[in-house]
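Dear colleague,

My notes follow directly after it.

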Amino acid sequence: MTKRALVLSGGGARGAYEAGVLRFIVEEMPKRFGIDPQFDIVSGTSVGAIHACFMAATADGGQERGRRLAGIWEELRVEEVFRFQGKALLGLPSRLLALRKIGQQLRAGQRPDRLYGLLDTAPLEKLVMNSIPWRGIRRNLRDGNIEAVCVTATQIATGRAVVFTQRRDPLPPWAQDDAIHMQPIRIMPIHALASAAIPALFPAVRVGARYYADGGLRLNTPLAPAVRLGASRILVIGLSHAEAPRVDEAIAQERTEGFGNPRFLFGKILNALLLSPIETDLSRLQLVNSLIEHGRAAYGEDFLDRLNEVGSGQGMRPMQKIDPLVVRPSRDLGVLAGELLQGRHGPVELSPFLRLIFKTFRSSPDPREADLLSYLLFDYRYARLLTELGFRDAEARESELAAFFSD
């Protein structure tokens, strides 16, 4: 039986690209191919976790949910998302000193709901809570419209990846290992917010007695949960532009010169932390696929059945061939943010907080210095560029997507 999984990456405001891809899938696939694009498993990290919850909660919805998701992004105003204006700017030193107060609370046994973050994300949290019909997750699981929802976060105390998982059936015994803990739970807004808490910028979130930060620190493209739950086809939507395997030394040297700019350097650090390449995970899938094919060629068509028979006696996860499909940006999303900042896509007005960043650190005409902006620009101007790009990139892969959803 074919079991399809949707895997969504993290990346702050870059997540608008995912919304564009998903809009094409849920709106255009039925029109063009007569296909009902349903997923059995949705697995997400950071902003991808929020989208995963939306897809699960609206699994019984129609084609309009694609426009609905894209519309959430295209109506954002960055000045409404982050409370960092007027007195908040003057109060930055006190926010920095708040670390000491939080430390005293923790030592006294108190557990604040949020740990320190540079930005007040209360408006963004409210948007997440109000934009997703959260009760729909339980209903769609009960009605069989979806099998499992996985939200990945990083537990701060241990640095371990924790996958909050809501599923119709109990988790299989092979779902756990030392590196990734899959925790059965009823998915709620707090879990998605914990997964999306970018370190230093967004406050860490308390879930129960423990604190969690962005799941992208350990598992930015959460393929592993989908594999463990038995997915045989996996659609991955990435948020990093595919680069050439070898970067020219002159370009590398030019980028190194930009490290003197804190804004540039912090953006590159976030890239390294949150935009983990998916090629490693995909190469592992292809390796297993090759082993299965070679085993069948060498030992017969029952090779995989015999292999799984031995493994099941040892409590191991059954092996199977997994077909991955990856849709990723055809353009660098950081460069796109830089172009927007330069006015190449029309006038743009930054919020007081973002203006502070770009005035405090020297400005530069190099659009590659806008990586940091690409994570924080929760604004309709940038979002529209990304949703349109995601829609076009998915459209360019429509034949592969049709094959993915075809039996």
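Predicted model: local features only at pLDDT ≥ 70, side-chain atom pairs only at ≥ 80, totals over all residues.

Residues are numbered from 1 along each chain as its sequence is written, and side-chain values use heavy atoms, with hydrogens and water left out.

I begin with strand E3, residues 148-155, where strands (E, at least two residues) and helices (H or I, at least four) are DSSP runs numbered from the N terminus. Eight of the eight residues of E3 are buried, so this strand is largely enclosed by the rest of the structure; buried means under 20% relative accessible area, exposed over 50%, and partly exposed in between, with a 1.4 Å probe and protein chains only. In a regular strand the side chains alternate between the two faces of the sheet. In E3, Ala148, Cys150, Thr152 and Thr154 point one way, whereas Val149, Val151, Ala153 and Gln155 point the other way.

Two strands are taken to pair if DSSP finds at least two bridges between them. Strand E2 (residues 41-45) runs parallel to E3 and is joined to it by five bridges, with isoleucine 41 partnered by alanine 148. Strand E4 (residues 161-167) is antiparallel to E3, with seven bridges between them, and cysteine 150 has threonine 165 as its bridge partner there. E3 and E4 form a hairpin with five residues between them, and in its turn glycine 159 has a positive phi of about 70°.

E3 is also joined to E7 by three bridges, in the antiparallel sense; here glutamine 155 is partnered by tyrosine 212 and alanine 153 by aspartate 214. Tyrosine 212 is also the bridge partner of valine 205. Four of the five residues of E7 (210-214) are buried.

Leucine 76 is 302 residues away from phenylalanine 378 in sequence, yet their C-alpha atoms are 6.2 Å apart.

Glutamate 28, in helix H1 (residues 16-33), is buried too, at 12% relative accessible area. Leaving out residues up to four places away in sequence, glutamate 28 touches Arg23, Phe33 and Phe391, where contact means heavy atoms within 4.5 Å.

With best wishes
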